[in-house]
Amino acid sequence: MSSLIEVRSLVKRFGAKIVLRQLNFHVETGEFVALLGPNGAGKTTFLRILASLARPSLGEVWVAGFRLPQQAAHVRRRLGVVSHQPLLYGDLSAEENLRFYGRMYAVKDLEARIHEVLELVGLVARRRDLVRTFSRGMQQRLAIGRAILHDPDVLLLDEPHTGLDQDACDMLDGVLRQIAGQGRTVVMTSHDLARVEDLASRFDVLTGGRITASQPADGLPRDGLLAFYRQALESQRSLQGATR
Amino acid sequence: MSGLTPFISAMSAVIWKDLRAEWRSREVISAMLVFALLVILIFNFALDLQPNVRAGISSGVLWVTLAFAGTLGLNRSMAVEKDRGCLDGLLLAPVDRAAIYLGKAFANLLFMLLVALIVLPVYGILYNTNLLIPGLLVVILLGSEGYVAVGTLLSSMAVQARTRDILLPILLFPVAVPVVVSAVKATGGYLAGLGWEEIQPWFTLLVVYDVIFTSVAFMVFDSVVEE
């Protein structure tokens with residue numbers, strides 16, 4: 001098991017509906033993988049399985065050498081997750097939220113780590129303010145702080161830019177760039193190529209419940225990336241049209 | 001011992017978080033308290049009966065008030081976790097999920113007992129009843145514990161549904177009948193000044209149900225919150 005994340009023939013069903021179909025996926029240590037795909041492609045479901053919040057119907061999922069869902073507790077210790085929702089308590093301050101999650105993850109030297117994380121996400125000055133008074137962008141930055149507090153091996157980001165304005169997106173990108181610069185392994189979903197083109201080291205396209213295309217970012221010009229994404233979407237559409 | 005420390009640490013973190021958030025918002029306590037006081041007042045005027053008749057039904061009134069107010073609190077306490085996706089945040093933590101359950105249940109019990117502490121003197125004045133009987137206070141503690149033990153488990157199930165507000169009472173009331181009935185009977189016994197030998201069967205039943213409900217909820221919480 002050389003890859004940090006290894007997924008083989010993953011199937012996820014909700015009743016009669018099949019969301020993920022024989023999906024294969026792998027991520028090496030230090031990679032920043034952008035998982036692209038239209039709405040409803042199964043990106044969130046896939047990330048929830050990787051995060052141990054949902055169970056696979058069939059197939060194998062390994063994270064950091066541990067199998068899901070059997071060894072979920074070991075996997076959770078090595079994961080940081082950021083979703084559409086901030087997973088933060090509005091009636092606690094920024095540092096109280098981090099203190100709570102730090103205790104849940106048994107983070108050592110917690111107070112120093114909280115300060116370090118708040119500095120990274122640029123919220124030291126607002127550390128004592130209640131989270132419900134934060135803008136959506138600030139909440140999302142704090143959510144990233146919460147996700148990296150326990151220094152996870154893998155960071156899973158599910159469309160973290162959702163609902164943010166341009167300034168907030170730029171600030172969030174700055175934080176993500178710093179995190180990627182630390183050599184952390186990241187898997188980030190998005191339906192918007194523009195959001196991830198400067199961040200990712202690899203682009204995978206998820207359509208129809210499968211990874212239908214994969215492309216390293218090295219030396220790929222923006223036009224080439226756009227063409228790659230469009231082609232992947234088009235080929236999936238024509239495939240669906242042919243099977244109807 | 002090494003496994004116990006992270007368990008207690010996670011449980012105390014959940015209790016600390018719930019108490020801290022409630023201290024700030026007062027959402028759960030204020031809703032429970034206003035509701036409980038209104039119910040007592042309504043019963044007080046609706047049941048304008050003879051003093052001896054009133055004494056016979058006052059234990060039932062007390063437990064209807066506490067049970068309904070408790071349901072409100074249980075619903076709100078779990079809705080806070082669901083609304084911002086915090087339940088996922090809790091489930092992502094690498095801790096025994098039973099610690100999360102016990103933390104939530106303990107915080108809910110504290111909320112319910114705090115409401116009971118404020119409601120009891122008001123109840124005593126309106127119904128002209130002396131409630132400062134040590135045995136009765138133990139019955140309120142045991143009854144609340146049993147109710148909250150099963151209520152916390154069922155509210156974590158109901159919170160996943162769109163109709164969570166109406167689903168919890170429908171699930172909870174039938175299951176909690178043994179706890180409520182034995183609490184009403186034991187309370188009635190103390191208020192009527194009956195001897196220990198007459199109260200003891202209901203008291204024992206209450207303890208047995210508390211142990212069963214808490215143990216079962218402790219064991220199945222992980223499966224209930226799993227997708």
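Where is the place of A:Pro69 in chain A? A:Pro69 lies in the loop between E5 and helix H2 (72-77) of chain A. A cis peptide bond, with omega of about 0°, joins A:Leu68 to A:Pro69.

**Conventions**

This is a predicted model, in which local features need pLDDT of at least 70 and side-chain atom pairs count only at pLDDT 80 or more, while totals for chains, interfaces and linings use all residues. Residues are numbered from 1 along each chain as its sequence is written, and chains are lettered from A and ligands numbered from 1 in the order in which they are written. Helices (H or I, at least four residues) and strands (E, at least two) are DSSP runs, numbered from the N terminus.

**Exercise 1. Describe the four-stranded sheet of chain A, from its order to its bridge partners.**

Step 1. The sheet is open, its strands follow the order E2-E1-E4-E5, and the pairing is antiparallel. Two strands pair if DSSP finds at least two bridges between them.

Step 2. Strand E2 (17-27) and strand E5 (66-68) of chain A each have a single partner strand, so one side of each is left without a neighbour in the sheet. On average, neighbouring strands are turned by 30° against each other, direction ignored.

Step 3. Strand E1 (residues 5-14) of chain A is joined to E2(A) by 7 bridges and to strand E4 (residues 58-63) of chain A by 5 bridges. A:Ile5 stands opposite A:Val27 in E2(A) and opposite A:Val63 in E4(A).

Step 4. E4(A) and E5(A) pair over 3 bridges in the antiparallel sense, and A:Val63 stands opposite A:Phe66 in E5(A). These two strands form a hairpin with 2 residues between them, where A:Ala64 in the turn has a positive phi of about 55°.

**Exercise 2. Describe the six-stranded sheet of chain A and the helix that packs on it.**

Step 1. This open sheet has the order E6-E7-E8-E3-E9-E10 and mixed pairing. Strand E6 (79-82) and strand E10 (210-216) of chain A are the edge strands, each pairing on one side only.

Step 2. Axes are lines fitted to C-alpha atoms, for helices over the stretch in contact, and angles run from 0 to 180 degrees between N-to-C directions.

Step 3. Strand E7 (residues 154-158) and strand E8 (residues 185-190) of chain A pair in the parallel sense over 5 bridges. The bridge partner of A:Val154 in E8(A) is A:Thr185.

**Exercise 3. How do helix H2 (residues 27-46) and helix H5 (residues 97-126) of chain B cross?**

Step 1. Their axes come within 10 Å and cross at roughly 25°.

Step 2. H2(B) and H5(B) are therefore roughly parallel to each other; angles under 35 degrees count as roughly parallel, over 145 as roughly antiparallel, 65 to 115 as roughly perpendicular and the rest as oblique.

Step 3. The crossing is right-handed (the near helix is turned clockwise from the far one by less than a right angle).

Step 4. Residues in contact have C-beta atoms, placed from the backbone, within 7 Å. Among those of H2(B) are B:Met32, B:Ala36 and B:Asn44, and those of H5(B) include B:Phe111, B:Ile118 and B:Tyr123. By class, the contact has 15 nonpolar, 1 polar and no charged residues. Ala, Val, Leu, Ile, Met, Phe, Trp, Tyr, Cys and Pro count as nonpolar, Asp, Glu, Lys and Arg as charged, and the others, Gly among them, as polar.

**Exercise 4. How many residues of chain B are in contact with chain A, and which helix gives the most?**

Step 1. The contact involves 20 residues of chain B and 23 residues of chain A.

Step 2. On the chain B side, helix H1 (4-25) and helix H4 (86-92) each supply at least two residues. H1(B) gives the most, with 9 residues.

Step 3. The chain B side divides into 10 nonpolar, 4 polar and 6 charged residues.

Notes:
Two residues are in contact if their C-beta atoms, placed from the backbone, lie within 7 Å.
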